[in-house]
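Here is my note on this structure, as numbered points. Please keep the 3D view open and find each residue as you read.

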Amino acid sequence: MFYSENKGTYIFTKDSDQYLLDYSLDQIEGLLHPEHFFRISRGHLINISAIKNISIHSNSRLRIELFHYPSKDVIVSRERVQDFKTWLG
């Protein structure tokens with residue numbers, strides 16, 4: 001997963017490591033294969049293989065539970081829910 005926080009962009013790996021990157025999420029999104037990665041919100045880009053569970057959240061949004069990233073809620077923004085469902089197939 002890639003995410004933005006406190007004016008920085010980070011990668012969170014399947015080994016639970018985090019690294020600060022020199023790229024914005026917009027730049028990273030342009031480099032990734034859209035079949036494998038989806039921008040679920042302004043602050044999160046996720047890999048399809050990292051999704052452990054999807055549940056309904058308030059205001060027509062979805063909550064994503066990721067493998068190896070149990071501590072924070074990752075929410076699909078309301079504007080992206082329909083595209084996210086299409087992406088999942």
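1. **Aromatic pairs.** Start with the rings. There are 7 aromatic pairs by the rule used here (rings of Phe, Tyr and Trp, its six-membered ring, pair if their centres lie within 6.5 Å; planes under 30 degrees apart are stacked, over 60 edge-to-face, the rest tilted). Take Tyr3 and Tyr69: their ring centres are 6.4 Å apart and their planes meet at 45°, so this pair is tilted. Strands (E, at least two residues) and helices (H or I, at least four) are DSSP runs, numbered from the N terminus. Tyr3 and Tyr69 are both buried (buried is under 20% relative accessible area, exposed over 50%, partly exposed in between, with a 1.4 Å probe and protein chains only). Ring pairs also tie Tyr3 and Tyr69 into a cluster with Tyr10 and Phe12.

2. **How to read the model.** This is a predicted model, in which local features need pLDDT of at least 70, side-chain atom pairs count only at pLDDT 80 or more, and totals for chains, interfaces and linings use all residues. Residues are numbered from 1 along each chain as its sequence is written, and side-chain values use heavy atoms, with hydrogens and water left out.

3. **Positive phi in two loops.** Most residues other than glycine have a negative phi. Check Lys7 against that: its phi is positive, near 65°. Lys7 belongs to the loop between β1 and β2 (8-12). Is Lys7 buried or exposed? Its relative accessibility is 92%, so Lys7 counts as exposed. His68 also has a positive phi, near 70°. His68 is in the loop between β7 (61-66) and β8. With a relative accessible area of 46%, His68 is partly exposed.

4. Strands β2 and β3 (residues 18-21) run antiparallel and are joined by 4 bridges (two strands pair if DSSP finds at least two bridges between them). Phe12 has Gln18 of β3 as its bridge partner. The hairpin has 5 residues between its strands, and Ser16 takes a positive phi near 65° in this hairpin.

5. **The largest pocket.** Its volume is about 210 Å³. A pocket is found on a 1 Å grid over the protein atoms alone, as an open set of points where a 1.4 Å probe fits, with protein on both sides within 12 Å along at least five of seven lines; lining residues have an atom within 4 Å of a point. Points are joined across faces, edges and corners, and the volume is the space filled by probe spheres set on them. Which residues of the lining are closest to the pocket centre? Of the 14 lining residues, they are Met1, Phe12, Thr13, Lys14 and Ala50. By class, the lining has 9 nonpolar, 4 polar and 1 charged residues (Ala, Val, Leu, Ile, Met, Phe, Trp, Tyr, Cys and Pro are nonpolar, Asp, Glu, Lys and Arg charged, and the others, Gly among them, polar).

6. Side chains of opposite charge can pair when their charged atoms come close. The count here is 3 salt bridges (a side-chain nitrogen of Lys or Arg within 4 Å of a carboxyl oxygen of Asp or Glu). Asp26 and Arg39 form one of them, at 2.9 Å from N to O. Asp26 is in helix α1 (residues 25-31) and Arg39 in strand β4 (residues 37-41), 13 residues apart. Asp26 is exposed at 55% relative accessibility, whereas Arg39 is buried at 10%. Arg39 has another salt bridge, to Glu29, with the closest N and O atoms 2.9 Å apart. Glu29 is in helix α1, 10 residues from Arg39. Glu29 is partly exposed, at 35%.

7. **Lys52 and Glu65.** In this salt bridge the closest N and O atoms are 3.6 Å apart. Lys52 lies in strand β6 (residues 51-57) and Glu65 in strand β7, 13 residues apart. Glu65 has a relative accessible area of 35%, so it is partly exposed. Shared partners join Asp26, Glu29 and Arg39 into one salt-bridge network.
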